[in-house]
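Please open the structure in the viewer and keep the selection tool at hand.

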Amino acid sequence: MRIPTFAPAVRALAALPLLALPARAQEAAEDAAEGVVEAASALDSGDTAWMLVSTVLVLFMILPGLALFYGGLVRAKNVLSVLMQCTMITAVVIVVWVSYGYSFAFGGGDSPYWGGLGKLFLAGVTPESESGSIPEYVFIAFQMTFACITPALIVGGFAERVRFGAVVAFVVLWVTFVYFPIAHMAWDGAGLFYGWDAYDFAGGTVVHINAGIAALVGAIMIGKRAGYGRDNMAPHSLPFTLIGAAALWVGWFGFNAGSAAAANGTAALAMVNTFTATAGATIAWSAIEKAVRGKASMLGAASGIVTGLVAVTPAAGFVGPVGAIVLGAAASAVSYWFVAVVKIRLGYDDSLDVFGIHGVAGIVGAIGTGVLAAPALGGVGYPDGVSMAGQVWTQFLAVAITVAWCGVVSAILYKIVDLAIGLRPAAEAEAQGLDLASHGEAAYHS
């Protein structure tokens with residue numbers, strides 16, 4: 001069973017009822033006699049209202065959700081820099097999206113890799129344009145919020161050590177050459193992954209694996225924060241982090257349930273799974289911490305919340321609620337191991353564990369969807385003629401291509417930005433803190 005998520009759906013009404021007025025009834029009868037068929041709008045007010053709300057919920061995930069989550073995790077001298085990066089990335093990507101990003105992702109071309117130039121500057125889009133049962137403008141705005149949050153996630157990988165202008169320049173290049181092609185491949189009807197029937201309900205490959213890989217590449221190429229492993233780099237405000245995580249959880253209902261593109265049973269399934277997977281992941285992360293460290297931390301619980309949300313993103317409309325709990329718990333176990341063990345042993349400085357949570361849990365969720373979509377496990381099933389093993393292989397291929405494309409292209413783009421304007425601030429600026437060095441202000445005053 002194939003459940004399209006973002007590809008425009010086409011609804012047809014069998015006939016228009018005759019109106020009560022005699023004159024109109026006579027006109028309709030004459031039209032029918034002459035073979036005239038009047039096209040009916042497929043717009044649905046309930047679907048449209050839900051998608052308007054979902055779009056705002058995804059924006060809420062970024063501002064204030066992600067901004068507060070990341071802001072609490074950095075040191076006090078860098079909190080405003082992270083908030084500013086999230087804010088400016090959102091604004092810049094909105095402009096890029098309506099200029100050419102929507103066309104590159106969903107421009108109507110038949111290429112499996114990009115959408116073409118057909119809708120540059122939203123050419124041809126009017127208030128009457130339809131995308132399935134919702135206005136095309138609503139679809140554009142909903143997808144736009146996904147394009148905004150994905151590069152905002154990346155900044156956690158190199159937080160506290162990249163110049164503000166370099167972040168903005170990198171993001172413009174990255175969405176152009178990485179995000180838009182992967183979004184097209186996964187969600188456009190002509191896209192490569194879509195044609196394979198790869199399951200990515202709300203962005204396992206497009207958002208989380210993409211962001212996680214780009215963050216890891218950046219963390220390695222840019223290098224460690226000054227004093228990493230020596231200075232105290234503990235989060236400066238765990239209350240901020242929990243508030244941000246809670247805002248992310250609330251906003252994620254728009255992210256996942258909104259990805260049904262309608263107010264229907266699939267949206268309801270995605271909503272329930274957003275509850276259950278997150279609960280399973282939070283419990284699992286805290287239980288692992290208790291077993292390993294002797295205490296369950298607030299930071300660990302917040303990390304579990306985000307891990308569960310990430311893991312269920314590709315699976316939300318394809319697995320059952322109990323399967324979502326299993327998926328969330330499994331993702332927490334793997335992500336905890338990467339954060340607490342792998343990162344330490346390999347020595348890279350992924351400041352806010354973007355790869356360890358978004359990248360790793362995104363991979364677990366994307367591949368796990370192929371298993372847990374099985375009807376015997378409470379899922380919705382597979383495309384005709386496809387077995388569990390076949391679907392898992394499809395999921396793996398989509399993940400592998402995303403990892404390879406994002407990894408290689410991101411490395412090239414980091415290098416271009418570094419050569420052009422420089423990624424890293426001066427040592428004095430980094431020591432002083434990016435709030436003062438980049439923005440001339442401080443979050444707190446004694």
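Select helix α8 (residues 238–257) and helix α10 (residues 298–312), whose axes come within 9 Å and cross at roughly 15°. That angle makes α8 roughly parallel to α10 (angles under 35 degrees count as such). Helices here are DSSP runs of H or I with at least four residues, and strands are runs of E with at least two, numbered from the N terminus. Axes are lines fitted to C-alpha atoms, for helices over the stretch in contact, and angles run from 0 to 180 degrees between N-to-C directions.

This is a predicted model, in which local features need pLDDT of at least 70 and side-chain atom pairs count only at pLDDT 80 or more, while totals for chains, interfaces and linings use all residues. Residues are numbered from 1 along each chain as its sequence is written, and side-chain values use heavy atoms, with hydrogens and water left out.

Next, display the side chains between these two helices. Among the residues in contact (heavy atoms within 4.5 Å) are Leu242, Leu248 and Trp252 in α8 and Leu299, Ile305 and Val306 in α10. The residues of this contact divide into 14 nonpolar, two polar and no charged. Nonpolar covers Ala, Val, Leu, Ile, Met, Phe, Trp, Tyr, Cys and Pro; charged covers Asp, Glu, Lys and Arg; the others, Gly among them, count as polar.

The axes of α8 and α9 are 9 Å apart, at an angle of about 140°. Where α8 meets α9, select Trp249, Trp252, Phe253, Asn256 and Ala257 in α8, together with α9 residues including Met271 and Phe275. This contact comprises nine nonpolar, three polar and no charged residues.

Which residues lie nearest the centre of the largest pocket? Select Leu299, Val339, Lys343, Ser351 and Asp353, which are among its 25 lining residues. By class, the lining has 14 nonpolar, five polar and six charged residues.

Two backbone details complete the tour. Select Leu63 and Pro64: the peptide bond between them is cis, with omega near 15°, and Pro64 lies in helix α2. Finally, select Phe121, which has a positive phi of about 55° although it is not a glycine. Phe121 is found in the loop between α3 (79–106) and β1 (130–131).

Conventions: Angles under 35 degrees count as roughly parallel, over 145 as roughly antiparallel, 65 to 115 as roughly perpendicular and the rest as oblique. On a 1 Å grid over the protein atoms alone, a cavity is a set of points where a 1.4 Å probe fits but cannot get out, and a pocket is an open set with protein on both sides within 12 Å along at least five of seven lines; lining residues have an atom within 4 Å of a point.
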